[in-house]
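Try each one yourself before reading the solution.

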Amino acid sequence: MKVTAIISDKLISEVKKYAGGKNLTQSLTIALKEWLASKRLKELNNMVRESPLEFKDNFSAEKTREINRQ
């Protein structure tokens, strides 16, 4: 998709520096993907905070390891 956006030169320079892309398009793509991954991770953390994971009463790490080794 082709997009026209007004973004400060300073911000563009920093994005190119930290993203390390070969050109502006690649740098912006890298930056946006990393930003999305960060947001998704925060969302997942909030979900786990609201509804923490629970182990079954008879859970045993040793039993799980034995099953995985079979």
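**Exercise 1.** Work out how the residues lining the largest pocket divide into nonpolar, polar and charged.

*Solution.* Start with the lining of the largest pocket in this predicted model: 15 residues make it up, and V3, A5, I7, L28 and L32 are the ones nearest the pocket's centre. Next, sort the lining by type: you get 11 nonpolar residues, 3 polar and 1 charged. Then see which helices take part. Both α1 (9-19) and α2 supply at least two lining residues, and α2 gives the most, with 7. To finish, the space in this pocket comes to about 400 Å³.

**Exercise 2.** Decide how α1 and α2 are oriented to each other, and find which residues meet.

*Solution.* What do you need first? Two packed helices are described by the angle between their axes and the distance between the axes. Here the axes of α1 and α2 come within 9 Å and cross at roughly 75°. Angles of 65 to 115 degrees count as roughly perpendicular, so α1 and α2 are roughly perpendicular to each other. Now for the contact itself: α1 brings I12, V15, K16 and A19, which meet L24, S27, L28, I30 and A31 of α2. By type, the residues of this contact are 7 nonpolar, 1 polar and 1 charged.

Note on methods. Residues are numbered from 1 along each chain as its sequence is written. This is a predicted model: local features need pLDDT of at least 70, side-chain atom pairs count only at pLDDT 80 or more; totals for chains, interfaces and linings use all residues. Side-chain values use heavy atoms; hydrogens and water are left out. On a 1 Å grid over the protein atoms alone, a cavity is a set of points where a 1.4 Å probe fits but cannot get out, and a pocket is an open set with protein on both sides within 12 Å along at least five of seven lines; lining residues have an atom within 4 Å of a point. Grid points are joined across faces, edges and corners, and a volume is the space filled by probe spheres set on the points. Helices (H or I, at least four residues) and strands (E, at least two) are DSSP runs, numbered from the N terminus. Ala, Val, Leu, Ile, Met, Phe, Trp, Tyr, Cys and Pro count as nonpolar, Asp, Glu, Lys and Arg as charged, and the others, Gly among them, as polar. Axes are lines fitted to C-alpha atoms, for helices over the stretch in contact, and angles run from 0 to 180 degrees between N-to-C directions. Angles under 35 degrees count as roughly parallel, over 145 as roughly antiparallel, 65 to 115 as roughly perpendicular and the rest as oblique. Contact means heavy atoms within 4.5 Å.
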